Amino acid sequence: MTTAIESTYTFTAEVKAKNKQQNRDGWAMTVDWKLPGSKFDLTLYGQHWDTLRDIVIDDQGNGPTRTFTIQQGNIKADKAGQYTTDYFWDMVGIEIIGDGDNNPGTSSPVQAPPKPRPEPPTSPSQDGGAASEPPPNPAALGACHNHAVEFIIAGILPLPKHRELDSWIRELRDRFYREINQAPLAPLHYCYKDGQERKQSSRTGNWGHLLPKEADGDEDSYCIEGRERWRVFDASQ
Ligand SMILES: [Zn+2]
């Protein structure tokens with residue numbers, strides 16, 4: 001049952017999953033309910049585990065049913081705000097069904113974290129702070145998701161044993177996003193193989209960096225741009 005009151009929804013739904021957020025300490029909870037216009041079950045995020053202390057998923061994967069109240073939060077990056085899914089939604093209430101408002105004993109009011117409002121132009125986050133990175137770019141995330149799936153299918157980054165496919169896709173997606181897509185640009189002439197910056201030789205114009213010696217008494221050797229496979233001993237190269 002859904003009641004729309006401006007930018008707040010109250011609905012009753014079963015909890016389908018409760019997990020730790022992939023790369024943070026908070027929780028992520030998926031409920032059997034979709035925002036109007038969305039094809040996907042709603043996932044709510046938060047920092048305070050105490051909020052979910054009564055939410056237990058049993059061995060069969062069944063979670064309890066609760067009445068949720070959510071409130072429209074910050075708009076996501078690159079979204080126009082036309083759709084409900086363009087926004088983050090903050091959980092502002094979670095109650096056991098049938099509990100009246102006058103029964104504080106068994107309802108679990110959310111310790112609503114203060115909204116991240118006018119924190120300087122850093123990051124509006126979904127669950128009230130703790131965000132140390134800017135909001136994700138949805139288009140870039142989508143691309144990283146696709147690449148993750150392609151690498152798995154191609155067998156380049158196959159699903160490890162004892163891993164669930166969805167968590168593996170998420171891990172790869174997040175790593176591609178953070179470590180590649182959003183990684184700062186390396187300086188020109190950077191050596192990716194050795195992870196070192198190169199300097200230009202004033203004599204030859206070549207870009208190179210010193211390689212570690214393989215044995216005592218070895219002459220200095222260099223990794224020269226365009227000739228990464230060779231160890232170049234003549235420093236004038
Ligand atoms: Zn190198």
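Q: Where does His162 lie in this predicted model?
A: His162 is in the loop between α1 and α2.

Q: What is noted about the phi of His162?
A: Phi of His162 is near 65°, a positive value in a residue other than glycine. Most residues other than glycine have a negative phi.

Q: Which loop holds His189, and what is its phi?
A: His189 sits in the loop between α2 and β7 (199–200). Phi of His189 is near 70°, again positive in a residue other than glycine.

Q: Why does His189 count as partly exposed?
A: Buried needs 20 or more C-beta neighbours, exposed needs 12 or fewer, and partly exposed is in between. His189 has 15 C-beta neighbours inside 10 Å, so His189 counts as partly exposed.

Q: Where is Ile57, and why is Ile57 called partly exposed?
A: Ile57 is in the loop between β4 (41–46) and β5 (65–75). Ile57 has 15 other C-beta atoms within 10 Å, a count between the cut-offs of 12 and 20, and is therefore partly exposed.

Q: Which residues does Ile57 touch, leaving out those up to four places away in sequence?
A: Ile57 touches Val15, Ala17, Lys18, Asn62 and Gly63. Val15 and Ile57 are 42 residues apart in sequence, and their C-alpha atoms are 7.8 Å apart in space.

Q: How do you know that the length of α1 is close to the expected one?
A: α1 has 16 residues, for which 22 Å is expected at 1.5 Å a residue. From first C-alpha to last, α1 reaches 23 Å, close to that value. Gly155, with a positive phi near 80°, follows α1.

Q: Why is α1 called oblique to α2?
A: Helix α1 (residues 138–153) and helix α2 (residues 165–181) pack at an angle of about 120°, with their axes 8 Å apart. Roughly perpendicular covers 65 to 115 degrees and roughly antiparallel is over 145, so α1 is oblique to α2. The crossing of α1 past α2 is right-handed.

Q: Which residues make the contact of α1 with α2, and how do they divide?
A: Among them are Ala140, Leu141 and Cys144 of α1 and Ile169, Leu172 and Arg173 of α2. The residues of this contact divide into 11 nonpolar, 3 polar and 1 charged.

Technical notes
Residues numbered from 1 in each chain as written. Predicted model: local features only at pLDDT ≥ 70, side-chain atom pairs only at ≥ 80, totals over all residues. Axes fitted to C-alpha atoms, helices over the stretch in contact; angles between N-to-C directions. Helix = DSSP H or I, 4+ residues; strand = E, 2+ residues; numbered from the N terminus. Parallel < 35°, antiparallel > 145°, perpendicular 65-115°, else oblique. Left-handed = near helix turned anticlockwise from the far one by under 90°. Contact = placed C-beta atoms within 7 Å. Nonpolar A, V, L, I, M, F, W, Y, C, P; charged D, E, K, R; others polar. Expected span 1.5 Å × (residues − 1).
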